[in-house]
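Visitor: I am new to this structure. Please show me how to read it, one feature at a time.

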Amino acid sequence: MKPVAALAREGGNEADPAYVLEDQVGHLLRRAHQRHAAIFQEMIGDPQLTPLQFAALVKLDDLGEVSQNELGRRTAMDAATMQGVIKRLLGRGLIDRKPDPEDRRRVVLSLTDRGGALIAAAMPNGHAITDETLGDLSETERRSFLSLLKRLA
């Protein structure tokens, strides 16, 4: 029995093109993400820091004191993922958690001095990671690519 892709190629036409994995958006996005993740780990400057932790620290640096729910929304992380990220950052002493003075049912998060120092050192690496990830794209291609990604996200 011939594979479906082979049958499609033999009898395929423009109205019924073959499904070629290497041309599919999900496959290409996954490969690009794998490449970016490898570049991130190589260049960020802290082997324990993950891209999600970096995003949380960057947003805490931007926002100052913020609720865990708000941080999750601002970094596009679901509650379970955010919980794990917060746990690891707390464990490393990079963030502080305390009750919200306005609503004791909520907790607010903030950078510790150690977290602030780490993010200050890592931020330039973040720019270099973006440059390396975008590789040989021209400045115009970079702007277009990022604009299209923002629309998809």
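Visitor: Which helix supplies the largest share of the lining of the largest pocket?

Guide: First, the general idea. Rolling a probe the size of a water molecule over the atoms shows where empty space is left. Now the case here, and keep in mind that this is a predicted model. Helix α2 gives the largest share of that lining, with 9 residues.

Visitor: How much space lies in the largest pocket?

Guide: About 1500 Å³. The pocket is lined by 32 residues, and those closest to its centre are H33, H36, T133, L146 and L149.

Visitor: Which elements each supply at least two residues of that lining?

Guide: Five helices are to be named: α2, α3, α4 (68-75), α6 (113-134) and α7 (139-152).

Visitor: How do the lining residues divide into nonpolar, polar and charged?

Guide: There are 21 nonpolar residues in the lining of the largest pocket, 7 polar ones and 4 charged ones.

Visitor: Let us take one residue of that lining. Where does H33 lie, and is H33 buried or exposed?

Guide: H33 belongs to helix α2. Its relative accessible area is 54%, so H33 is exposed, as the cut-off for that is over 50%. H33 and T133 are 100 residues apart in sequence, yet their C-alpha atoms are 9.2 Å apart in space.

Visitor: Now the whole chain. How many helices and strands does the chain have?

Guide: The chain has 7 helices and 3 strands. Read from the N terminus, the order is α-α-α-β-α-α-β-β-α-α.

Visitor: What share of the residues is buried?

Guide: Of the 153 residues in the chain, 26% are buried. The chain exposes about 10600 Å², and 54% of that comes from carbon and sulfur atoms.

Visitor: And what share of the contacts joins residues at least 24 apart?

Guide: The count takes contacts between residues at least 6 apart in sequence, and 47% of these join residues at least 24 apart.

Visitor: Next, the aromatic rings. How many aromatic pairs does a search of the whole structure find?

Guide: The general idea comes first again. A pair of aromatic rings is described by the distance of the centres and the angle of the planes. In this structure the search finds 1 aromatic pair. Its partners are F40 and F54, with 5.8 Å from centre to centre and 65° between the planes, an edge-to-face arrangement. The pair links distant parts of the chain, since F40 sits in helix α2 (residues 25-43) and F54 in helix α3 (residues 51-63), 14 residues apart.

Visitor: Are F40 and F54 buried or exposed?

Guide: Both F40 and F54 are buried.

Visitor: Some loops now. Where is G45, and is G45 buried or exposed?

Guide: Find G45 in the loop between α2 and α3. G45 counts as exposed because its relative accessible area is 67%. The C-alpha atoms of G45 and N125 are separated by 7.3 Å, although the two residues are 80 apart along the chain.

Visitor: Which residue has a positive phi although it is not a glycine?

Guide: That is A76, with a phi of about 60°. A76 is in the loop between α4 and α5 (79-91). Its relative accessibility is 74%, so A76 counts as exposed.

Visitor: What about T75: buried or exposed?

Guide: T75 is part of helix α4. T75 is buried because its relative accessible area is 13%, and the cut-off is under 20%.

Visitor: Which residues is T75 in contact with, beyond its neighbours within four places in sequence?

Guide: T75 is in contact with A55, A56, K59 and M82, leaving those neighbours aside.

Definitions and conventions: Residues numbered from 1 in each chain as written. Predicted model: local features only at pLDDT ≥ 70, side-chain atom pairs only at ≥ 80, totals over all residues. Heavy atoms only, no water. Phe/Tyr/Trp six-rings, centres within 6.5 Å; stacked < 30°, edge-to-face > 60°. Helix = DSSP H or I, 4+ residues; strand = E, 2+ residues; numbered from the N terminus. Buried < 20%, exposed > 50% of the residue type's maximum accessible area, 1.4 Å probe, protein only. Contact = heavy atoms within 4.5 Å. Areas by Shrake-Rupley, 256 points an atom, 1.4 Å probe, with all protein chains shown as cover. 1 Å grid on protein atoms, 1.4 Å probe; cavity = no way out; pocket = protein on both sides within 12 Å on 5 of 7 lines; lining within 4 Å. Points joined across faces, edges and corners; volume = space filled by probe spheres on them. Nonpolar A, V, L, I, M, F, W, Y, C, P; charged D, E, K, R; others polar.
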